[in-house]
Amino acid sequence: MQTATQLVPLGDRPAWKALQTHFQQIRDRHLRELFAEDPARGERFTAEASGIFLDYSKNRITDETLKLLVQLAEESGVREKIEAMFRGEKINITENRAVLHVALRAPKGESIILDGEDVVPAVHTVLDKMSDFAERVRSGAWRGHTGKRIRNVVNIGIGGSDLGPVMAYEALKHYSQRDLTFRFVSNVDGTDFAEAVQDLDPEETLFLVASKTFTTLETMTNAHSARDWALTKLGDEKAVAKHFVAISTNAKEVTKFGIDTANMFGFWDWVGGRYSMDSAIGLSTMVAIGPENFRAMLAGFHEMDVHFRTTPFEKNLPVLLGLLTIWYTDFFDAQTVAILPYEQYLKRFPAYLQQLTMESNGKHVTLDGRHVTTDTGPIYWGEPGTNGQHSFYQLIHQGTRLIPCDFIGFYKTLNPLGRHHDMLMANVFAQAEALAFGKTAEEVKAEGTADWLVPHRVFEGNRPSNTILAEVLTPAVLGKLVALYEHAVFTQGAIWNIDSFDQWGVELGKVLATRILGELESSSAPDGSHDSSTNSLIQRYRKNK
């Protein structure tokens with residue numbers, strides 16, 4: 001494997017130079033021309049794996065573009081880096097850690113060696129423990145301190161310990177046990193906790209506290225508020241053990257809190273928070289949908305892992321998505337990517353991808369510490385369709401910014417209701433078509449539009465998009481979709497030669513917030529050690545709080 005110092009700088013790689021020349025030749029070509037020249041384009045520029053179909057024909061690319069992008073991946077050592085990840089090499093170099101979220105979904109019998117030890121058996125030990133616990137809660141065998149059945153489950157976490165579980169719960173709500181209520185608390189704003197428990201009975205409520213160190217400020221602030229809330233009615237400190245479990249590795253702090261370490265579910269430092277929804281962090285998901293469905297989700301993850309690892313790049317779904325993002329980010333100067341799921345259950349999927357993509361690739365230095373020479377990490381955002389059409393699609397269609405879009409749809413719905421699903425999917429195909437081909441001034445005039453109004457009704461088109469289709473949203477399909485984007489992010493980071501698995505950018509604000517908190521709560525005069533703006537804001541808050 002090439003090391004960070006051995007890898008040729010991105011701008012000096014032959015494929016990159018060729019892409020720069022090629023871009024000048026293709027930049028002004030319209031998708032209308034490309035489709036007219038190649039009637040079979042819509043069938044050729046597609047790929048399919050594990051029941052996930054990708055139509056990427058509505059991208060501003062030719063066969064030559066694709067060839068050069070694949071060549072870029074090869075010159076960037078993407079294949080070698082994929083193997084290094086799966087082999088357990090410590091590719092997160094700034095923290096000297098392996099990156100083995102793929103081990104979380106490896107089947108029994110597979111082997112992934114880290115520091116001379118097979119980590120797969122330990123993963124399945126935790127999964128078995130999670131399954132036993134989930135079944136006890138779901139069946140009513142787990143009882144609260146007063147003997148009442150648990151009817152409410154509240155997950156307390158932040159970042160990956162919240163976004164993954166809440167996204168998965170909403171995505172798989174159709175499969176959840178409906179006599180259980182699930183809530184998620186992450187924000188340190190007290191309103192988040194207050195509203196989550198407003199209508200709950202402490203005697204019937206179980207809290208899952210997710211913090212690897214059990215010291216995360218926001219999570220533990222909410223956890224202690226939950227403890228106080230529960231004990232206000234339950235009274236006895238011993239009740240904590242019946243109403244709280246921990247997803248953590250810090251047995252000392254867990255015990256100190258009052259949680260029985262028998263109900264502590266661990267994970268490993270080779271699992272990054274934003275890659276942890278299929279670890280013990282997903283305990284709330286397993287309680288909601290049951291162990292069998294959770295394992296089906298893991299199997300979906302694994303199918304996409306195998307596809308990513310073994311499939312040639314030109315037919316490799318995550319690699320193709322990653323390469324197209326590189327193409328638009330670094331050549332067309334696109335600043336964002338819109339994620340547009342036409343499935344209400346996936347309403348939190350864009351928010352989940354925001355952390356996955358932007359925390360991973362929001363980096364300004366390469367692995368060897370040099371400043372990057374190209375843009376990295378576009379902004380990911382979106383909303384479910386058709387809501388977004390009546391919100392921000394105007395800018396995508398007729399605005400001045402190029403916004404590549406990923407449309408996600410399904411052949412079947414989990415909730416058949418009249419014409420609804422056909423109407424929904426008609427909008428998927430119509431929006432992608434409208435973005436690609438637009439409407440010319442001549443076409444607008446042919447409709448009888450007055451000359452003065454014509455410019456306002458012209459759609460330039462040539463707006464790129466991918467369409468991703470699957471049969472129906474199942475636990476397995478959700479796993480495949482998440483893994484699809486995980487590995488697309490990996491592909492981008494490998495080409496940019498950045499560390500996609502650290503997140504030092506979140507640290508400075510945390511340190512300053514801890515310092516400022518002491519100043520806000522202090523009765524002594526502020527020391528005025530910040531800049532003039534921050535000093536003034538602290539004084540104003542203290543005066544008016």
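A cavity is a set of grid points where a 1.4 Å probe fits but cannot get out. Keep that in mind for this predicted model.

## Enclosed space

Rolling a probe the size of a water molecule over the atoms shows where empty space is left. How many cavities of 30 Å³ or more does the structure hold? There are two.

The largest cavity takes up about 130 Å³. Its lining counts 17 residues, and the closest to the centre are Leu321, Thr325, Val337, Asp406 and Asn466. Which element gives the most to this lining? Helix H14 does, with six residues. H14 spans 317-330. Strand E10 (336-341) and helix H20 (475-496) each supply at least two residues as well. By class, the lining of the largest cavity has nine nonpolar, seven polar and one charged.

The second largest cavity has a volume of about 50 Å³. Its lining includes Leu104, Val123, Val126, Leu127 and Met130. Trp268, Asp278, Ser279 and Ala280 are also among the residues that line the second largest cavity. Here the classes are seven nonpolar, one polar and one charged.

## Aromatic pairs

A pair of aromatic rings is described by the distance of the centres and the angle of the planes. The whole structure has 27 aromatic pairs.

Take Phe23 and Phe332. Phe23 sits in helix H1 (residues 14-26), and Phe332 sits in the loop between H14 and E10. The two residues are 309 apart in sequence, so their pairing ties together separate parts of the chain. Are these residues buried or exposed? Both Phe23 and Phe332 are buried.

Trp16, Phe23, Trp327, Tyr328, Phe331 and Phe332 form one aromatic cluster.

Now take Phe490 and Phe501. Phe490 belongs to helix H20. Phe501 lies in the loop between H20 and helix H21 (507-521). The two are 11 residues apart. Why does Phe490 count as buried? Its relative accessible area is 5%, and buried means under 20%. Phe501 has 12%, so Phe501 is buried too.

## Charges over rings

The charged end of Arg41 sits over the ring of Phe35, 5.4 Å from the ring centre. Arg227 lies over the face of Phe257, at 5.6 Å from the ring centre.

From C-alpha to C-alpha, His224 and Phe257 are 8.4 Å apart in space. In sequence they are 33 residues apart. His224 is part of helix H9 (residues 217-234).

Is His224 buried, exposed or partly exposed? At 41% relative accessibility, His224 is partly exposed, because that class covers values between 20% and 50%.

His30 is found in the loop between H1 and helix H2 (31-37). His30 has a relative accessible area of 13%, so His30 counts as buried. What lies 2.8 Å from a polar atom of the His30 side chain? The backbone oxygen of Glu460 does.

Key: Residues numbered from 1 in each chain as written. Predicted model: local features only at pLDDT ≥ 70, side-chain atom pairs only at ≥ 80, totals over all residues. Heavy atoms only, no water. Helix = DSSP H or I, 4+ residues; strand = E, 2+ residues; numbered from the N terminus. Buried < 20%, exposed > 50% of the residue type's maximum accessible area, 1.4 Å probe, protein only. 1 Å grid on protein atoms, 1.4 Å probe; cavity = no way out; pocket = protein on both sides within 12 Å on 5 of 7 lines; lining within 4 Å. Points joined across faces, edges and corners; volume = space filled by probe spheres on them. Nonpolar A, V, L, I, M, F, W, Y, C, P; charged D, E, K, R; others polar. Phe/Tyr/Trp six-rings, centres within 6.5 Å; stacked < 30°, edge-to-face > 60°. Lys NZ or Arg CZ within 6 Å of the ring centre and 35° of its normal. Polar contact = N/O pair within 3.5 Å; in protein donor to acceptor, adjacent residues only side chain to side chain.
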